[in-house]
6 protein chains.
Amino acid sequence: MSSTTQQTGLIVSAHSADFVWRAGGAIALYASRGWNMVVVCLSYGERGESAKLWREPGMTLERVKAARREEAERAAGILGASVRFLDCGDYPLRVPDEALFQLVDIYRELRPAFVLTHSQRDPYNFDHPLATHVAQEARVIAQAHGHHPEEGVLGAPPVFLFEPHQPEQCGWKPDVLLDISPVWQTKRRAFETMAAQEHLWEYYTRVALQRGVQAARNSALKIQYGEGYQRVFPQVTAELA
Amino acid sequence: MSSTTQQTGLIVSAHSADFVWRAGGAIALYASRGWNMVVVCLSYGERGESAKLWREPGMTLERVKAARREEAERAAGILGASVRFLDCGDYPLRVPDEALFQLVDIYRELRPAFVLTHSQRDPYNFDHPLATHVAQEARVIAQAHGHHPEEGVLGAPPVFLFEPHQPEQCGWKPDVLLDISPVWQTKRRAFETMAAQEHLWEYYTRVALQRGVQAARNSALKIQYGEGYQRVFPQVTAELA
Amino acid sequence: MSSTTQQTGLIVSAHSADFVWRAGGAIALYASRGWNMVVVCLSYGERGESAKLWREPGMTLERVKAARREEAERAAGILGASVRFLDCGDYPLRVPDEALFQLVDIYRELRPAFVLTHSQRDPYNFDHPLATHVAQEARVIAQAHGHHPEEGVLGAPPVFLFEPHQPEQCGWKPDVLLDISPVWQTKRRAFETMAAQEHLWEYYTRVALQRGVQAARNSALKIQYGEGYQRVFPQVTAELA
Amino acid sequence: MSSTTQQTGLIVSAHSADFVWRAGGAIALYASRGWNMVVVCLSYGERGESAKLWREPGMTLERVKAARREEAERAAGILGASVRFLDCGDYPLRVPDEALFQLVDIYRELRPAFVLTHSQRDPYNFDHPLATHVAQEARVIAQAHGHHPEEGVLGAPPVFLFEPHQPEQCGWKPDVLLDISPVWQTKRRAFETMAAQEHLWEYYTRVALQRGVQAARNSALKIQYGEGYQRVFPQVTAELA
Amino acid sequence: MSSTTQQTGLIVSAHSADFVWRAGGAIALYASRGWNMVVVCLSYGERGESAKLWREPGMTLERVKAARREEAERAAGILGASVRFLDCGDYPLRVPDEALFQLVDIYRELRPAFVLTHSQRDPYNFDHPLATHVAQEARVIAQAHGHHPEEGVLGAPPVFLFEPHQPEQCGWKPDVLLDISPVWQTKRRAFETMAAQEHLWEYYTRVALQRGVQAARNSALKIQYGEGYQRVFPQVTAELA
Amino acid sequence: MSSTTQQTGLIVSAHSADFVWRAGGAIALYASRGWNMVVVCLSYGERGESAKLWREPGMTLERVKAARREEAERAAGILGASVRFLDCGDYPLRVPDEALFQLVDIYRELRPAFVLTHSQRDPYNFDHPLATHVAQEARVIAQAHGHHPEEGVLGAPPVFLFEPHQPEQCGWKPDVLLDISPVWQTKRRAFETMAAQEHLWEYYTRVALQRGVQAARNSALKIQYGEGYQRVFPQVTAELA
């Protein structure tokens, strides 16, 4: 691609914090390379992930959403990304076709070079598999010549599934280990804006360290922090090494 | 790596023709880039794949082996590779620990940057899963500090499993599609030295065309011929696009 | 837990007879231990499992439902459980979000110590996978602090999937074998209230005997009748034996 | 069955061309044996598979649908089948319960001896798994005594899943290889009416040749062209050879 | 095939009783149709399945083997089959290449139209997966032109895996349900010669009844007794109904 | 069981350190409850896991083995277990039938109430799957009445597979999460005797913390440190909660 065109990466996140824990390294890495990184949050996570907020007296749904939105924007800002919210609710997330078409429009607008989203299954969180279904269905519609035929169609950006909280229980297997060592401090700082989920800071720091050890062991490179991803489609390449 | 050091790719093939049908494109591609491509044939395929030879009057085991060896060397020459034979028999292939250690020595000698071998299962050919088992076990032994401790250990070269004859029946799934269009004519010429298996020429030409179409569809690139591979280990990378 | 508090088990059944064949042993066993066992039937099974009733002249949907309800209540009474009906229809079962929230309320009200429901897949009956999906989604919503934040949230009761009619075709694998020998006669009596499905009495008696033999063989205990369950979540324990 | 009664085969196709590429051989084969072969297209494929049409100036949705309909009818005519269209839209296909019940009525009307439909998964096309879900759910409802109890219920016709475009990526495995050599020319002619998808003619000719080679190799019969199918239910038979 | 040539079915059984419980119906059915049914027992089952015999005072290995052989021959006689014993030991079964080649010779001699053997996995009995491995490897060697090139090679007889004791634990899934109702009484009589394993009579009668119910439900035929099989290779056919 | 009889747990470890990282918590827990915990090391791990030792000048195989033995005994002592060594070599481990029978004798001698061993697959270490195969095959032989018929047979102790280094790559899924918080300090001290593998201390501390968080989340209990296990056989129980 031409060096003068900014490339884009798209992240489809069910709730407003998922992208930080699960893909914050990839986002910061590509942002640091000058990419336009765009996060779409289907929900603010206003019910399922906001326990701490709900314990405050007089809390309302709108105030929780606003707090979550602010937090997510702050985290995205640290990572170098922008965020868009589709406000589809959570626990349960429900995505009507209008929201699906909004996401199709975003694909057509951004023409991302890759997409990051949730695992295919997650018995702990039904919003996550729905989010990945929607992210993938929207991508396929954006490829169809007959959808808004006056627009150019989307190519075939690869889709990577980021790590769920309990990977083996979700049938998720990392087949890509991304070296995020250069941006680890950025990801950690983005974590720390997530005041509502402080208990997860150490958990995901350990995830990054374990994936780093594994990346080193699978490559004989020196890697300290990693993020794992599962591919949905085969890698197309001219290189095996 | 330094531009002055030639890099190496290792192919572990059960029988003396497998590497041509299944990995001929990768071999020719890397040979064309100046790599040292080395094929290890565990067997000459003197029983299972030599129907045409055995129909000649007065044929003996030694003459079949010699003919197969010559054919394999000619094919390798066209592709730009060298071949070594461990002569472990076929139908059934049997690999004693001495042969395993020979293969360990080859890993230590060549320090390949990647390894290509057979699928994990194949109900049509029990020599293929054995070959991949041996290829992988030798790789792990070559990594052990206590095996010939005076030698340097092997790093962690990725292992790619090439396409079996009936992929779905072998539980094989391509997660890498390699563009072999630039070297297709070379691969096809190497095919054509395999006089004993002429019935496979068109079969594997069609395989290359189908994988080419799929590679194009998964990438929006123009690709005409492809080879499919399955990774054994996660890809370690700094790039998602 | 305090010995003065009655504990609760929740069974989510697609149709009004499923809980008898598939979980009647567990229900009777826990009822005999003084637990409050509550069955939620999403449907009366008024279309798919009522062939015999529909053969009666002048039969109407309301009369079938009433007959099924009475049967289910009688069977539950024998087992020692109570039943609640959500009347969502069957063939096809359709569960709107209002019914989902009713089930969430039931989780919050009962705070069950475990949940029994259908297998994840069943090509013979699409209502069963939907029922298990709803049972699990409701459980997760009941765990969310932001759902009716004034109520206490649900803990993490384990979920067990009971045996479908053709287990291998449903990808169902028993990883728990429950000894139901002490309550077998009760389960059998509950069966026999299911006049509309008499052809299943012997079928499920044989299932119980097979699972009993398998339970004995996997434990070296004397067990005559068993019920198989598949866990959705890992068992958390301080005991391996 | 009586030799005087015409038997029926039902094909449930998401888009108006799928049945040609994927099941055209089976359709032509059974039509040539005097069967009534009926294709139900849930959608005209007016958005996803009509790139060529949409490139024509002044094209409208209605004109695309009409062109697709005509094409499908011409192809079906060549194969010896009739087609019905449920016009549920595509990219995304959406099947309301009314359309599901239309399909149930078709099952009850036709009482097919077998059903052909899409694979269970397809990350390239979300309409395909939905079509197979609907085809199977309608079949089960048609078996229920309580659905239109005045009608006779459906038996248990086997369901075969035809080959998706990238079989390994869809988790599809052929466990039936059908010899379509006698009708290959008919299938090829039906292909050639699909002007909008000319790029697929050679692709699916190669698929037929590969499946033919594999059918020959799995049977020691002479077979040139094949179609692969995956069974949903176990085969019930009195023959192993 | 010519009606004047007797066809052959081959059963490869790890221990001397397995063929009765697991494939007795298929054997009796084909014997009743005039086929030559040949059972190869790799072992007498003298250690693992002879608890009752070993409880007799003064029992020796040779006496156990003799008793097991006699039992197996009697059972085979009732079913209408002959038995051959390779006497490879059990618990653990060990099959040296000489025994493998004996089995290859048997394949070449008998040219069976189908083969029945054990499941691919069985955590309760490691001899069973070894037996199926050997049965399949011998079949492949018998197909090789270079193995005893003066003999004609074997075709491609389908291989069916019979039902293990705890099917779900072995990852075994029945994809063929064979109607054995016409020969059930014969199978039951063959059971009853297995005095050493009387506890299994009722167990395998129930298995036959369950598979019978399932066969009926998958076909709408009247079937009372069934045997389940899993195919190793795709079915090659000209018929879908 | 009688309160006066000490119960036994058996751990089958490929190399002399595996049991510490992977099962040290279970060992310490049961030792603290008065059980007899016995570790069998098939190998000293003298080649694959002793990099640091081999870097010392003048190192010999015997000195490495002695050092590893001493380390393992020290670690076992801290955990409260005894160790036995079968000295079968590593990289590659090779287990002749004599060693298998030694292990059978150990089963018969100890009559363990449960068994802990390696995962079924491990592409990073071929000794691990072999160890689990041997551990399980020996258990089955120890159950056979005809193996040393004068001895009493083994019952059916459950087998638990402990966590491999890269769980998802080994197809390992934890279906039991054991709370090891009470003995964590003991496990950590046992770690620290493993001077040759200091780089793993923090890795396995993080594993224990992650499994602890997961155990808490799956149970709503307070658990800080956990060990994950996969069951080979179904759990036989009278309790679901």
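Buried area is the accessible area (1.4 Å probe) that two parts lose on being put together, summed over both.

## Interface of chains F and B

This is a predicted model, in which local features need pLDDT of at least 70, side-chain atom pairs count only at pLDDT 80 or more, and totals for chains, interfaces and linings use all residues. Residues are numbered from 1 along each chain as its sequence is written, and chains are lettered from A in the order in which they are written.

Chain F and chain B bury about 1300 Å² between them, with 66% of it on carbon and sulfur atoms. Tyr91(F), Arg94(F) and Phe126(F) supply 40% of the area that chain F buries against chain B, more than any other three residues. Two salt bridges (a side-chain nitrogen of Lys or Arg within 4 Å of a carboxyl oxygen of Asp or Glu) cross this interface. Arg94(F) pairs with Glu137(B) in a salt bridge, at 3.3 Å from N to O.

## Salt bridges within chains

Over all chains, the whole structure holds 101 salt bridges. In chain D, Arg188(D) forms one with Glu192(D), the closest N and O atoms being 2.7 Å apart. Glu192(D) is partly exposed, at 36%.

In chain E, Asp87(E) and Lys65(E) form a salt bridge, with their closest N and O atoms 3.0 Å apart. Asp87(E) is partly exposed at 37%, whereas Lys65(E) is buried at 12%. In chain A, a network of salt bridges links Glu49(A), Arg68(A) and Glu71(A).

Methods
Side-chain values use heavy atoms; hydrogens and water are left out. Buried means under 20% relative accessible area, exposed over 50%, partly exposed in between (1.4 Å probe, protein chains only).
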